[in-house]
Amino acid sequence: MFRQIALAVLIAATPFAASAQVERQVPQTQEQIQLSYAPIVSQVAPAVVNVYATRVEEQRITFRDPFFDRFFGRSPLFETRPQTSQSLGSGVIVSAEGMILTNNHVVEGATDIRVVANDGREYPVELILADAATDLAVLRIEDADRTFPTVQFADSDQLEVGDLVLAIGNPFGVGQSVSSGIVSALARTGMGITDYQFFIQTDAAINPGNSGGALVDMNGNLVGINTAIFTRSGGSQGIGFAIPSNMARVIAAAGEAGGEITRPWLGAQMQALDGDLAASLGLDTPRGALITEVAPDSPAELAGLASGDVVTMIDGVQVQDPEALNYRIATKAVGSTAQVTLWRDGAEMVASLPLNAPPPVSDRQVTISGNTRFAGTVAAELNPALAQELGLGFSIQGIAVIEVEQGSPADRMGLQEGDVILALNGMEIRDIETFESLASQRPRAWQIILQRGGNVVRSVVSG
């Protein structure tokens, strides 16, 4: 399976590989051109595994009954039956005890996960951590009877465009394969693949089945986890994307620490700059993250950030856009402090940003059940953390739908995750008690006002 485009976090127990930095240069002689990647492959390949994930899904089947057709016309009837499916991916062993990194979309919803090592041995694994925000997951080999070969993490910030890389995985299920290429671009954002968009782009051939596999440098160290391809044919077209190892390292450390992830929270809404907006602010180039709103009592407010500020650097590293800032913050440890460089009123300044944990998304929530059109709804009072997770402004008040049970009355009514319910039957909804009381009723009709995708939607449905 391959995705297509058409804490308190502990710092990793696995240190950066302590390898000597060598001067980058192109081959100068015929002898250098004929050099082989075989030593790197023999070093890394034993630590790359094939991942097989089995799912049991409900399949909707349509059929017709001639008896019912006589009386009710040709109306289809439906039945759901369980269907077993299997996804294929790759993984990278990052600890001698059998801890494996792979993509979350490879194992999501799996009822059984197994890995096959390079030597052909098969192992059952336990899912330790599944993080949809980064599309990474951590597996652990069960009942390991030996220590395993590993791949060391490299510092992905040291990569440069043009560096040689190897992609190792199991494309199309044909077996472990290696392809070579270069780093085509860095810090790719706006791909719509994960919440934290900051990808390494490579032209090394990667295909369905490579998901979760290793992208390694010429020292044989892990620089990325292969995650997605851009394709019109379903196969490699020379544009592949990998999650940088510095993010993967954080997730691996969280898995090793027990599977809990707490990321630092900025508490600010941001937007990207274009040329006109940058010029109006006195900036030479459209780079940085423009602050548009700051949540009360958030780390951003504690640091003195305000609407109109442009964050241009964090800890001395340039910030290209809001996605890059989110990535940089997410790879830092809760409890530490970062230095942010701001552009404000035509001048540069530096502020100390406390990297605090976010407040609870919401400890005031309710699940509606019973004989009501809202049955199957899980809703919560909006707070700044939940608003930011849903991409809403901090000033919006109401009850947010955080889950809708598939096939429930709420689902059939058209309620969607992320909806903010503003009013029911003329009554403004501001707290969870009011919503629970009203949503449990059975009036003849519902007048619903909600916000969806930045638009206010008004509808009337039967009770």
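This is a predicted model: local features need pLDDT of at least 70, side-chain atom pairs count only at pLDDT 80 or more; totals for chains, interfaces and linings use all residues.
Colleague: What is the mean pLDDT of the protein?

Modeller: pLDDT is the predictor's confidence in each residue, from 0 to 100. For this protein the mean is 83, and 83% of the residues reach 70 or more. Residues 4-20 stay under 50, and for them the model has 48 contacts beyond four places in sequence, a contact being heavy atoms within 4.5 Å. Over residues 67-72 the pLDDT is also below 50, and this stretch has 5 contacts in the model beyond near neighbours in sequence.

Colleague: Is Asn425 buried, exposed or partly exposed?

Modeller: Buried means under 20% relative accessible area, exposed over 50%, and partly exposed in between (1.4 Å probe, protein chains only). Asn425 counts as partly exposed because its relative accessibility is 35%, and this residue has a positive phi of about 50° although it is not a glycine. Asp345 likewise has a positive phi of about 50° without being a glycine; it lies in the loop between strand E18 (337-344) and strand E19 (347-354) and is exposed, with a relative accessible area of 80%.

Colleague: Which residues is Asn170 in contact with, leaving aside its neighbours within four places in sequence?

Modeller: Those contacts of Asn170 are Asn50, Tyr52, Leu88, Gly89, Ser90, Gly175, Gln176, Pro208, Gly209 and Asn210. Asn170 is placed in the loop between strand E8 (164-169) and strand E9 (177-188), and it counts as buried because its relative accessibility is 0%. A polar contact is a pair of N or O atoms within 3.5 Å; within protein, one must be able to donate a hydrogen and the other to accept it, and residues adjacent in sequence count only if both atoms are side-chain atoms. The side chain of Asn170 makes such a contact with the side chain of Asn50, at 3.5 Å.

Colleague: How many residues apart in sequence are Gly398 and Val420, and how far apart are they in space?

Modeller: They are 22 residues apart in sequence, while their C-alpha atoms are 6.1 Å apart in space. Gly398 is in the loop between helix H9 (384-389) and strand E22 (399-404), and at 4% relative accessibility this glycine counts as buried. Leaving aside neighbours within four places in sequence, its contacts include Ala380, Glu381, Val420 and Ile429.

Colleague: Where is Ser245, and which residues does it touch, not counting those up to four places away in sequence?

Modeller: Ser245 is in helix H5 (residues 245-256), and at 1% relative accessibility it counts as buried. Not counting residues up to four places away in sequence, Ser245 touches Phe153, Ala154, Asp155, Ser156, Leu222, Val223 and Gly224.

Colleague: How many helices and strands does the protein have?

Modeller: The protein has 11 helices and 26 strands, and of its 463 residues 46% count as buried.

How values were computed. Residues are numbered from 1 along each chain as its sequence is written. Side-chain values use heavy atoms; hydrogens and water are left out. Helices (H or I, at least four residues) and strands (E, at least two) are DSSP runs, numbered from the N terminus.
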